[in-house]
Amino acid sequence: MNNLSHLDPRDVFGYFEKICSIPHGSGDMEKISSFCMDFAKKHGLWATRDEANNVIIKKPASKGYENAEPVILQGHLDMVCQKEPASSIRFEEDGIEVLVDGEFIRAKGTTLGADDGIAVAMMLAILADNSLSHPPIEAVFTTDEEIGMIGAKAMDMAVLSGKRMINLDSGNPAIVTVSCAGGSDLTAFVPIKREQRKGTAVSLSVKGLKGGHSGTEIHKGRVNANLLMGRILHHLSKTNAFSVISVFGGDKGNAIPVSCTAKLLTSDPDGLSLAFENYAGIVREEIRAREEGFAFDAEILEAGAFAALDDAAFGKLLHALILAPNGVMEMSAEIENLVETSLNLGILKTEDDKAVLSFALRSNKKTAMAYLEERLSAFFTLMECPVETGGHYPPWEYNKDSVLRQLYIEKYKEKTGKTAEVQAIHAGLECGVFADAIKGFDCISIGPLHFDIHTTRECLSIKSTKEMYEIVCRMLETLK
Ligand SMILES: [Zn+2]
């Protein structure tokens, strides 16, 4: 079926098609990892595989480059598997069917996995080509990036001697990424005591908010549904008598919640519903320019006896919701428009004996990240609420003296006549894990143009892939 090889004599596309024929969804890394090991053997290259199935292949410097600093090339082996309802693919057994559609490569009814299969293909093509001039190459193929950077986190970086790394997991060659955020999850538990109380249950909802990614969209003024519910309940508590039975909003720590529902108990359901609608209407007016879709809803439910939060627990929950820090904490002074530090209350839910509040914390600076975690912990300690932290991943800080950044801008200009934009992102990349382990780290993240990743519309530009391959080769040639 090899129908892509003709696209490029150096066979990036041939390797890509081969990779597509091997099942390599996240969590299914054995086969693709073995393929990389076999490749190394066939080409007489040193290689190692670890327990997480990460593969490192080393290629010595070409003639005249023996004294050059080694360069790490890096991409991830796993892909996100999505299919259209009509597709009969079994991702564990079948390959991806690739097709050429004009300027682009797509998959038939599934994700293509150019994220990050095209990086793997470029690295293999470079390793296989003995006509290229380059420093010692350390090609790093990591596993299970898409489900929490599992491979990179498990890797023993001591095997690497390079400090310069080209990560090939980006999707627009006009942009060179130079920094990413680190992060962690902090979950606070507000202790709850319940009492049997009588009245009529009322369900109040806020919904239709825009939401978005808690890192890359935290600065866009999106209203957090959980905090909005906290604001409304706090306001209503001054004018109406009610208790809380439950509150639920958001299901992912790293997404800005779009809706939240509170189930309350009251002796005056009509009065409470009316007060809610009045105040939610005032809020709608206030946020109309940024949340056009905002809607709310009050529904009177059954009357009876319910286990509701006692007054102390209710008061504590309200204070947590209206006082805990949230959103953008600091903008970068080094990179324009970059959020440096932020947090998001993604999940709010009540259980029998506690309310659970889950925050995603991020910063592009390691020390600012630690400070944010201390601050939030201190707040909840003051509130006598226990906290748990986990899911730490390190940031990749901006390196103002980066050799690779300058070199990429130069080679991109030579190739395209255009100036690449320098970008930092307020989200995690594997580069952060490497940055944490390698002293004097110099890194860029780049990649050929591809669109709609993680969806069945994913497509990869053929022209841009050829350009990116050449740019990487020219960079290697220059790093003497
Ligand atoms: Zn990726």
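Predicted model: local features only at pLDDT ≥ 70, side-chain atom pairs only at ≥ 80, totals over all residues.
Residues are numbered from 1 along each chain as its sequence is written.

Helices (H or I, at least four residues) and strands (E, at least two) are DSSP runs, numbered from the N terminus, and strands pair if DSSP finds at least two bridges between them. The antiparallel open sheet has four strands in the order S4-S5-S23-S22. Strands S4 and S22 stand at its edges with a single partner strand each, so one side of each is left without a neighbour in the sheet.

| Strand | Residues |
|---|---|
| S4 | 98–101 |
| S22 | 450–451 |
| S23 | 459–461 |

Turning to the interior, a residue is buried if 20 or more other C-beta atoms, placed from the backbone, lie within 10 Å of its own, and 48% of the 480 residues in the chain are buried. A nonpolar core is a set of buried Ala, Val, Leu, Ile, Met, Phe, Trp, Tyr and Cys residues joined through C-beta atoms within 7 Å. The largest such core has 77 residues, of which Ala121 and Met122 touch the most other members. Helix H3 (residues 114–128) gives the most to this core, with 11 residues. A second, separate core of 53 residues includes Leu236 and Leu372.

Note on methods
Buried ≥ 20, exposed ≤ 12 C-beta atoms within 10 Å, placed from the backbone. Contact = placed C-beta atoms within 7 Å. Axes fitted to C-alpha atoms, helices over the stretch in contact; angles between N-to-C directions.
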